[in-house]
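Biologist: I have not looked at this one before. Please take me through it.

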Amino acid sequence: MKSRHLIYAFLLAFVLPSCKGEKKLAQYSEIYRECPATIYVAPLSDMSFRRAVRLTEDSVYNLSLNIAANQLYLTASDPLVNNGYYVPGPLASAQIAATESRSDKQLRNESINDYHTDLGIDAVLFITLHSWRNTTNSWSVEVEYVLRSTHSNSELMHVLVNATKTLPTDFKGNPIPLVEDKAFSDRYGCDLETAQRCRLVETVNKYVLKDLPSGSRTRQQRTERHIKAHPEYFTLKIHPDGSVELAKSEMQQ
């Protein structure tokens with residue numbers, strides 16, 4: 001009997017760690033209840049620091065951040081569409097933003113029921129780019145995502161992620177870009193440092209937004225609601241070999 005108890009304890013040691021963390025049904029309960037079909041991506045709020053322009057390098061650095069911020073905004077719709085949601089196109093989104101008289105703070109905190117009654121939008125996604133950091137061969141970004149319902153005005157999702165992309169280095173310590181980095185740089189005509197930032201924010205968008213429950217355009221699998229959801233605060237690491245690691249942030253340790 002004693003040996004049987006030891007076996008049970010041994011099995012629990014393996015089972016319990018894998019069960020930690022909320023399932024999608026719990027973390028996204030409001031989304032499952034409201035079943036939003038159309039999501040509008042509001043203009044990006046870029047709070048990251050810009051250098052005072054004294055040298056050419058300062059202008060180049062600021063331009064790199066501007067391009068990456070634009071890439072963060074433009075690539076947010078793809079994971080949503082792929083996940084079965086309707087997202088207004090760039091022209092429609094620009095028109096919505098142009099006619100909005102409320103401030104970003106008001107949109108994030110006050111009633112946005114009119115987005116549903118006037119435009120048929122079910123939820124608004126707010127993205128805030130908080131900060132950038134970099135070393136010789138790594139680039140880091142902190143991004144916050146808030147999805148608000150236009151029906152109940154409640155938060156359907158709130159995620160904060162710290163992401164880092166690291167490159168291998170040569171014998172002199174210079175970063176060696178990946179094949180995909182070079183292809184991106186050639187395709188869009190940008191420098192390799194800007195390519196690192198752009199590819200980093202694209203990955204962040206994919207990992208955050210693909211975790212949402214499937215939208216109305218995609219048939220949900222029966223097991224989806226019971227899959228472990230991403231933490232609300234997490235770190236994302238793109239290693240030198242291109243592999244991606246997701247871990248719970250120290251804020252939730």
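**Starting points**

Biologist: What does T203 touch, not counting residues up to four places away in sequence?

Modeller: T203 touches L236 and I238, where contact means heavy atoms within 4.5 Å. T203 lies in helix α10. Helices (H or I, at least four residues) and strands (E, at least two) are DSSP runs, numbered from the N terminus.

Biologist: Is T203 buried or exposed?

Modeller: T203 is buried, because its relative accessible area is 16%. Buried means under 20% relative accessible area, exposed means over 50%, and partly exposed is in between (1.4 Å probe, protein chains only).

Biologist: What should I know about the model itself?

Modeller: This is a predicted model, where local features need pLDDT of at least 70 and side-chain atom pairs count only at pLDDT 80 or more, while totals for chains, interfaces and linings use all residues. Residues are numbered from 1 along each chain as its sequence is written, and side-chain values use heavy atoms, with hydrogens and water left out.

Biologist: How many helices and strands are there?

Modeller: The chain has ten helices and seven strands. Of its 253 residues, 41% are buried. Taking contacts between residues at least 6 apart in sequence, 64% join residues at least 24 apart.

Biologist: On to the core. Which residues touch the most other members of the largest one?

Modeller: L80, L125, Y145, M157, V204, V208 and L209 do, in a core of 45 residues. A nonpolar core is a set of buried Ala, Val, Leu, Ile, Met, Phe, Trp, Tyr and Cys residues joined through side-chain atoms within 4.5 Å.

Biologist: Which element gives the most to this core?

Modeller: That is α10, with seven residues. The elements giving two or more residues include α10 (192–209), α4 (56–74), β3 (123–134), β4 (138–149) and β5 (155–166).

Biologist: And what is Y145 in contact with, beyond its neighbours within four places in sequence?

Modeller: Its contacts include L72, L125, M157, V204, V208 and L209. Apart from this core lies another one, of ten residues, among them Y40, A42, I96 and V124.

Biologist: What do Y40 and Y115 form?

Modeller: They form a stacked aromatic pair, 5.7 Å centre to centre with 25 degrees between the planes. Rings of Phe, Tyr and Trp (its six-membered ring) pair if their centres lie within 6.5 Å; planes under 30 degrees apart count as stacked, over 60 as edge-to-face and the rest as tilted. Y40 lies in strand β1 and Y115 in helix α8, so the pair ties together parts that are 75 residues apart in sequence. Both Y40 and Y115 are buried.

Biologist: How many aromatic pairs are there by this rule?

Modeller: Two. In the other pair, F184 and Y188 are tilted, at 4.6 Å centre to centre and 45 degrees between the planes. F184 and Y188 are four residues apart in helix α9, so they are separated by about one helical turn.

Biologist: Back to α4. What span should its 19 residues have?

Modeller: They should span 27 Å, and the end C-alpha atoms of α4 are 27 Å apart, which agrees. The expected span is 1.5 Å times one less than the number of residues. Buried residues of α4 include Y61, L65, A68 and L72, and the buried residues of this helix pack against β2, β3, β4, α9 and α10.

Biologist: What about β6 and β7, what do they form?

Modeller: A hairpin with five residues between the strands, and G242 in the turn has a positive phi of about 95 degrees. Five bridges join the two strands, which run antiparallel; strands pair if DSSP finds at least two bridges between them. K237 stands opposite E245 in β7.
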